[in-house]
Amino acid sequence: MQAHHPKLDAAVQEKILTVTRCGLTASESTGFFRTAIGLYYLASLMTKEQLDFKALDKAFNRFVYRSIGGGHSMTSILQFLSGGKVVEVLDSPRFMRAMADYLPEVPVDSIPFLLGLNLGVAKDISKIDARGPVADWLEKQRILREEAGRT
């Protein structure tokens with residue numbers, strides 16, 4: 001399952017697949033995969049180095065195809081991250097624990113930032129309203145962080 005790109009080496013691919021295996025059903029595992037790789041992709045963009053997006057997307061798309069099959073790409077993964085089904089994954093303690101344990105390249109506390117970034121870009125590209133389940137989840141996380149800061 002080699003995708004030749006330094007941002008997506010064999011070790012990272014195995015970490016993402018390990019998070020995937022924490023799902024209890026095929027559907028849940030697919031949601032875990034889509035969320036984990038989407039968050040890792042977004043986190044990998046947070047760099048000062050110049051990125052070759054063509055090579056990066058080719059490697060990620062190849063890994064997605066080999067992992068969950070045709071009909072999926074990084075574009076569909078990022079769309080998934082801005083839709084309501086991702087909230088089910090994010091609300092899963094098993095998923096959050098798996099991310100913390102197996103994919104530390106994406107700190108769990110960075111997830112709201114990464115999702116907000118993705119939602120903002122999706123809104124800019126599609127010109128649609130960003131309100132919905134993901135925006136609601138992000139607001140809930142903000143409130144929880146504020147409450148935790150007060151205690």
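Me: What should I keep in mind about numbering and confidence?
Reply: Residues are numbered from 1 along each chain as its sequence is written. The model is predicted, with local features needing pLDDT of at least 70 and side-chain atom pairs counting only at pLDDT 80 or more, while totals for chains, interfaces and linings use all residues, and side-chain values use heavy atoms, leaving out hydrogens and water.

Me: What makes the radius of gyration agree with a compact globule?
Reply: The rule is 2.2 Å times the number of residues to the power 0.38, with the radius taken over C-alpha atoms. For 151 residues that gives a value near 15 Å, and the chain has 15 Å, so the two agree. The C-alpha trace spans about 45 × 35 × 30 Å along its principal axes.

Me: Why is Gly-31 called buried?
Reply: Buried means under 20% relative accessible area, exposed means over 50%, and partly exposed is in between, with a 1.4 Å probe and protein chains only. Gly-31 has 8%, so the word buried applies. This glycine is found in helix α2 (residues 26–44). Across the chain, buried residues make up 40% of the 151 residues.

Me: Why does Thr-35 get its burial label?
Reply: Thr-35 has a relative accessible area of 0%, so it is buried. It also lies in helix α2.

Me: Why is Val-108 called partly exposed?
Reply: Its relative accessible area is 29%, so Val-108 falls in the partly exposed class. Val-108 sits in the loop between α6 (93–102) and α7 (111–126).

Me: What makes the buried residues of α4 line one face?
Reply: In α4 (residues 74–81), Met-74, Ser-76, Ile-77, Phe-80 and Leu-81 are buried. Seen down the helix axis, they fall within an arc of 160°, so they line one face. That arc is of the directions from the helix axis to the C-beta atoms. The face turned away from the buried side carries the exposed residues Thr-75 and Gln-79.

Me: Which residues does Thr-35 contact, leaving aside neighbours within four places in sequence?
Reply: Contact means heavy atoms within 4.5 Å. With those neighbours set aside, Thr-35 is in contact with Phe-80, Leu-81, Val-86, Val-89, Leu-90 and Phe-95. Gly-31, not counting residues up to four places away, touches Phe-80 and Val-89.

Me: How far apart are Cys-22 and Arg-94 in sequence and in space?
Reply: They are 72 residues apart in sequence and 7.1 Å apart in space, C-alpha to C-alpha. Cys-22 is in the loop between α1 (10–20) and α2. Not counting residues up to four places away, Cys-22 touches Glu-28, Phe-32, Arg-94, Ala-98 and Tyr-102. For the chain, residues 24 or more positions apart account for 69% of the contacts with a separation of 6 or more.

Me: How many positive and negative side chains does the chain have?
Reply: There are 19 positive and 17 negative side chains, and the centres of the two sets lie 4 Å apart. Lys and Arg count as positive, Asp and Glu as negative, and His and the chain ends are not counted. Each charge is placed at NZ of Lys, CZ of Arg, CG of Asp or CD of Glu.

Conventions. Helix = DSSP H or I, 4+ residues; strand = E, 2+ residues; numbered from the N terminus.
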